[in-house]
Amino acid sequence: MAFGGVAMVLGVLLGIGEASSPGSYTNVQFTWLKLAPSPGPFPSGFELVMGTLVDPISALVLVVVTVVGFLVLLYSIGYMHHDRGLPRYYAELSLFLAAMSGLVISNNLLEFFLFWELVGLCSYLLIGFYYEKPSAASAAKEAFLVTRVGDVMFLLGIFLFFFVYATKGPAGTGGWAASGFVFVHGAAPFVPVGTGNATLLTIAGIMILGGAAGKSAQFPLHVWLPDAMEGPTTVSALIHAATMVAAGVYLLAVTSLFLGFTALDQTVIVAIGGFTAFFAATMALVHPDIKRVIAYSTVSQLGYMVLAVGAGFTMVGLFHLFTHAFFKALLFLAAGSVIHAVGTQDLFKMGGLRKKMRLTSAAFAIGGLALAGIPPFAGFWSKDDILSSVYSTLPSHPAYWPAFLLAFAAVFLTAYYIFRAWFLAFSGDKPRDPALEHAHEGPWVMAVPLVVLSAVAIGGGLLVYLPGFAGLLLHGGGTPGIPPTLSPTDLLLSTASVLLAVGGILLAWRLWGNGRVAPLPSSSAVRSVRQVLLARYGMKAAYDWIGTKGVYTLARGADFFDRFVIDGTVHGFERTFGGLSDRLRRIQTGVVSDYASYVVAGLIAVFALMLLLAPYLLSRLGGA
Amino acid sequence: MSGLPFAGFLVLSGALLAVGLFGVLTRRNFILLLIAIEIAMNAAILNFVYFAAFARAPSPGLPGQAIAVVLIGFAATEVAVGLAIVLALNRVKGSINVAEASELKL
Amino acid sequence: MSSLFDLAGTFAPELVLLAGALLVFLLDVLKLRRLELVGSVSVGASLLALALVVADLGFAPFASLRTLSAAQVNPSLSALATPLWTFTSLGLVFQGMFLLATLLVSVASLSRGSKETGGPIFFGLLLLATLGMLLVAISSDLIFLLLAIELSSIATYVLVGYTRRGLRPLEAAMKFYIIGAVSSALSFFGASLLFGAYGTTNLLAIREVAGTVGTPILALLGYAFLLSGLAFKATLVPFHAWAVDVYDGAPSDVSAFLAGGTKKVGIFAVLLVFLGPILFAGAGGSSNPFQGGPFTLGPILQVTLGTLAVVTMTVGNVLALLQKEMKRLLAYSSISQAGYMLLGVTIGTAPAIAGATFQVLAHVLMKGGAFLVVAGVAGLGIGPLVDDWRGLGSRRPLLSVAFALLLLSLAGVPLTIGFVSKFVLFSAAVQAQGFFVWLAVAGLLNSALSVFYYARVLKVIYFEAPPAPLPTGGAVVGGAGPEPLRAGGLGIGRAVAIGVATALVVALGVDPQPLLGPIQAAASHFVFFWR
Amino acid sequence: MLPLLSLVLATLFVGTLATFLAGSRARWVALVVSSAFLAEVALLFADFTGWPGYSAQLVPGFSEGESYAWLHLSWLQINYTVGVDGISLVLILLTAILQIATVLYSWKEAKKPNAYFGLLLLTCLGSFGVFVALDILLFFLFWEAVLVPMFFLIGFWGGPRRRYAALKFFIYTHVASIVMLFGLLAVVFYSGSTSLDFSAVYLAARGLAPVVQTLLFLALFFGFAVKFPVVPFHTWLPDAHVEAPTGGSVLLAGLLLKLGGYGLIRWGVELLPIGFAHDRSILFAIAFLTIVWGSVVSLSQRDLKRLVAYSSINHMGIVLLAIALNSSLGLLAAVLLMFAHGIVSGLLFMTAGSVHHTFGTRDLPAVGGITPRTPALSTMVMVGSLASLGLPALIGFPAEFTALLATWDGLRYLVFIPLVILVVTAAFYLWMMQRLLFGPVRGVPDGAHDIPWYEGAGMGILVILTVLFGILPSLLTNVIVSSPIRGFPGP
């Protein structure tokens, strides 16, 4: 029911996305919040506007969003048919698509942030879709919280850029810039590095990176993404693989295009990206849950993108975003149809599904190859571009070396873990868990997306050779795109990485092929490493500890202070006066003679006052 | 005229007042209280007479002697009321000990 | 002869009261003791007197004042060169307020129920006491003043104990009498000392003589004794101890009269006796006596009175905090209110005196009304403790609303006369600046403190469940009737009195100008007269 | 020109009386009155001439000005003077909205409905008066007039410990207002002003010595701080909220707290700019303390109302911070925040009340997973919480955004404190939602049904406005900025 409307909306968005040929900008604005310059209270006002901006990069991402979105919705018909609350599901999903598109085409940081939070909200709602499950509820909360940390940094980054922009803003607009901080083409980098604001800009860049790290699950804010797999697989495919998590990368891209990063920022970003690419891959090596393996791979792939953008190759990063969106969605949907069929996510229960679900296994294989970066699959082109272009900067930026090496090593791990998953799930002759015997393919609505996505995963990389698309990548946002170079070093690099990947695949086959389950090496070192990896290096536990033990204890303490110390003081006053009153009441003995004596005492007191105290006081005061 | 007798009389009337107040504070018998109060009262009356005699010539307003006469009359009325209360109290409570009538307190 | 008419015209209100009192006693002698009859006589007398006073106020332009020398009364007494009494507009205002109190009480007492005996005595003494109070308001001679005070006092001694039934009233009367007598002895002694110091007891004359002679120590002692004596009437701490027991022991209507009426006599007397010296001392200097100027009596008196005022309001409030019995609670609160009034006297500027006067008026209405309510509630068979009032809000809505308004006014909540009077008073204090700002601070803190027990009473009345089904006996008394009787069992007279008091409390809180204007004029004129 | 403000006052006054006398039909009267109030406020907006058109007005600097002599003391002139500027106008709008929403919400109040609705209206009357009064005495009068009905609302319709809470509320705020009154009077007399009119005192106060201003401002600040409330004068608020009936809580959080903010702006900052400037550091310290304290303590609350109450403290801390920034942007943020918090906290307290009605408890550990049973209610809870934790497209966001922007503008990196606290705020709201809305169904009685229509209507109004003003905050800001704020040099 909700679906019809949703589909139409999507059609329209899709149309916009495709139609926007490179270089065509539309820009509609309306005032959101205005402090007009006035002689009164607000001498130098400013104006925050909302507007749209469609340019190559936004068009690129828009295509991803709408296409994947459409396919996922299609897929959902089959995948979700037995779930309750479908209206809620589709409503939230379409809200997400709207917000995501808005984010992509927003033309200023504030608007960007606005939609940024909205997609975060949708992610929160969809992760918690099965809210009866405590794990889902807590995962949703965790996702919101961790990204919130990033958002806070993002907000501060906005302020900083705002500030820089305002002071360096267009002439004639004193104080805050007259029109907020709208993206202006060709303006980047805003402030030539090395001017007075360099430090400020650096901090701003770091803050923006923090925001991106939160959304794109980069180290150290990556913990939420694997848990986010509590949501329906379709949601994981759309939000936590293809689109939303890529928003962080998109933010970095936009920032680097329109505002600019300082060299220090770039180094940090590159380091974070490279490290995450490797770090996440390691955690994917041992995980038994099929979805989480893919989730970790998402984190790691996002690391690649961050690496590229950080190194200054924005379009390369976005190109990988593009390809990754498709093959990662493919992987998730394939995994989804497996889960749909067997009702579990535990790889060690599966096995031999190849015979039962040929299409799915093929799709998963294609996705895996693309992910591993085997030519001619899409992943190869984009990942290879990243590696080669980053390599090309190494002479000038030796600081990039570690990140580059880590990313390069990650290629091997990637190939290994994804095919470990494939072998565990599909190879062999029959499932390890007999309960999974009756597994079968899903309906056509689930098959079609798999086919389409497989097609893109295979051919997507070759799009580079389409003139239009190449143009899109080439002169998008004015940074150098990547003509597929064939320089010897590049070839060498490519072959090296391909060999690594193949090696990874072979190792995976050696250990897990044909339904083998590799016995765990007896050496305790390996075991302990495995434990550490399964425990995610203990980071989640640490965060939880901070949350529960640290902050919560503090809160209890403060509450205690309120209830007993502050209120205690107040009641203390009360008690003091009460006691005083009680003591004073005792003079009211009821015996008249005592009253008479009070009168006499009063008489004496008056004497004392008039003859002694008052003159004394007056001599002190009057003298002054 | 010397201030000596002046001071002397002040001491006398002051003593009268003191005696009266002392009586009020120490006695519990209503009648004795009335007497004590009268003594205190007489201190004032005495003063008026005395000061009138020594008054700076001619003083405006009522002459001291007149005041003294008025006050004597007033004191009589006051005591009359007091005695009335004594009687009532005696009838109701059977005692004229003021200390025993201490129902109203605190 | 004409002078006699003149005299009659001058003393018309006083004469009316006297006549009323005599008539009441005559009726008593004639065995015509029906409560309604004597009561209406008293009501009529006080109403007429009030009308006359108001007329006087109206006729007498505040710019001038009516003085009448005793010489005009009787040529043979021409020795009395200076007047015993002086008509000041402020005095007339006070007369009006005294009469208002009397009127409220007598109207309320109309419906005191047949079980009460001695109606004639009650009303007669009421009128006599009022007569004394009126005389206080016009006196300008110490002896005249003290005698007038004693007139009202003696009448009230009897009033407290007149029922002659039960120990409590008698005990109250006894205490009242003894302390009163001692105080009167003290005041007369003080007066005698002043007489010795200045050779006269006429206040105006004293001021003139003091101008030449200065302030001998004798006068200082005299003022000390006088203050101690008058403090009894004004219930200033530590001369207050009698008041609580008396208000508690006396019939509530009498308590209403004492709290609403006679206490103010003390305040006015203090004002009359001490304003002269204070202003005389303060003359020439700024309104703040501590800024330069020669060392004179005034500042000493101001420090003394100020201290007394602060002590009085504080002790009164603190003692009221834990008070269990309603009447004693109200008694303590009225003691603290006396402190506020004394504040105005201490400052001695026209605004302050206006404030004090308005505070007196407010107190007449608030405290008089409150005690009348207490009497009515007692008539409903509800006990003396605050806790006995539990849930009255749901059982006697109108009565409770009235009482709540009166209490809120006492607490100084806006839109009630209590707020306006405190506002005028404290703003006058702050305006006087210097040392008086601290008096204002003390007053503000005290009114904050007082909120504790007023709020407590409201809490009991409105938020707590009734203890038991209402004693039916109380409900029957007075029976049903027209509108104000919705309070049931109160009786028309009391209902009307309470209604009027409450209405005035609110009306004057919303728009005090009609009375505040004249009072200010009177006060400023009074100050002008005594400077 | 039509004396609109007096008209509104008259409407509310007569309406209150009518409601008291209406007996069982009180709710209809109250509804009519509220609608009339809303209509008149709409008229106000229509008639509102933006600054600097003010100069032509009767009361300088204010629109809709009216002034009549009220009380002449020989040394003091007291008038009935009213008028509005952008700030007060927005808060008046808030008053009208909350009034009608509350009346709708408590439609089926059974216990003495006439008194209940009458007191509700009286509270709104008082706050309206505070927002329009331009004479110290008039201001104080309305200020106190809010106190009394709330005292009775809490004490009579409240929860188990209502008596304690009512007394505590009354005494705390009354003491504070007495100090405030003393401060205002001191300002008047030390500045030698002979009138209590805002304009007169404003002009006269310019002459005060800085040290005097500094001290007096502290006195005033104390008066307003208790109403705010700021740490450490805040402990009356949780008790009052927990015990108060829902309608009372809504008005308490929605209106009474705003009185503190408004008073501080109009009668503190504007009257004593120099003293304010000297005391700013104190204000900052208190503001940060309040922000952190309120948010952190909320984390440990089990009672839903108590949690929301502490979050209110946290928000009012941000308001204080924004005011203390002493910049036009900060002021805009403060007023916007007050409006936003009024709407949102009202919504949240309504939901808390509904949770109590529906499940018989507000204890978070006791009840949970209510979403499948009461979807509408949980939606309201979610909207309220999200708005309160500053989610964009809801009214909380523009307010907090401007506030933080202003903080950055004024204090640079100190903005980190509120930013970090944003996370904490998010934390306890999410935690609350997780326990209350999600997870397995806990402690839901079988008879539990979703909220009745009237409660839904009451909340619905607020939800709609939350979204509307969240998307188009300029509707409010354009009004707010047309206020000739004195003593605000601007950034």
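A word on what you are looking at. This is a predicted model, in which local features need pLDDT of at least 70 and side-chain atom pairs count only at pLDDT 80 or more, while totals for chains, interfaces and linings use all residues. Residues are numbered from 1 along each chain as its sequence is written, and chains are lettered from A and ligands numbered from 1 in the order in which they are written.

Now compare the make-up of these two partners. Chain B has three helices and zero strands, and its elements run α-α-α from the N terminus on; helices (H or I, at least four residues) and strands (E, at least two) are DSSP runs, numbered from the N terminus. Chain C comes to 22 helices and zero strands. Of the 106 residues of chain B, 37% count as buried, and buried residues make up 69% of the 531 residues in chain C. A residue is buried if 20 or more other C-beta atoms lie within 10 Å of its own, exposed if 12 or fewer, and partly exposed in between, with C-beta atoms placed from the backbone. Among contacts with a separation of 6 or more, residues 24 or more positions apart account for 45% in chain B and for 78% in chain C.

The axes of α7(C) and α8(C) come within 9 Å and cross at roughly 175°; axes are lines fitted to C-alpha atoms, for helices over the stretch in contact, and angles run from 0 to 180 degrees between N-to-C directions. The two helices are therefore roughly antiparallel to each other, since angles under 35 degrees count as roughly parallel, over 145 as roughly antiparallel, 65 to 115 as roughly perpendicular and the rest as oblique. Residues making this contact include L142(C), L146(C) and Y157(C) of α7(C), and F176(C), Y177(C) and F188(C) of α8(C). By class, the contact of α7(C) with α8(C) has 14 nonpolar, five polar and one charged residues.

Further along chain C, the 19 residues of helix α21 (residues 492-510) should span 27 Å at 1.5 Å a residue, and its end C-alpha atoms are 26 Å apart, which agrees; the expected span is 1.5 Å times one less than the number of residues. Buried residues of α21(C) include I498(C), L504(C) and L508(C). The helices that the buried residues of α21(C) pack against include α5 (89-109) and α22 (513-530) of chain C. In the loop between α17 and α18 of chain C, L415(C) has a positive phi of about 70° although it is not a glycine.

Chain A has a helix to look at too. Helix α6 (residues 198-215) of chain A has 18 residues and reaches 26 Å from its first C-alpha to its last, close to the 26 Å expected. Of the 18 residues in α6(A), 13 are buried. Just after α6(A), A217(A) takes a positive phi of about 55°. The peptide bond from F219(A) to P220(A) is cis, with omega near 5°, and P220(A) sits in the loop between α6 and α7 (224-227) of chain A.

Chain D also has a cis peptide bond, joining V231(D) and P232(D), with omega about 5°. Most residues other than glycine have a negative phi, and most peptide bonds are trans. In helix α3 (residues 86-105) of chain D you will find T102(D), which counts as buried with 31 C-beta neighbours inside 10 Å. Leaving aside neighbours within four places in sequence, T102(D) is in contact with L120(D), G247(D), V250(D), L251(D) and G458(D).

Finally, look at the largest nonpolar core, which has 688 residues; those with the most contacts inside it are L330(A), L342(C) and A429(C). Such a core is a set of buried Ala, Val, Leu, Ile, Met, Phe, Trp, Tyr and Cys residues joined through C-beta atoms within 7 Å. Its largest share, 21 residues, comes from helix α6 (residues 162-190) of chain D.

Conventions. Contact = placed C-beta atoms within 7 Å. Nonpolar A, V, L, I, M, F, W, Y, C, P; charged D, E, K, R; others polar.
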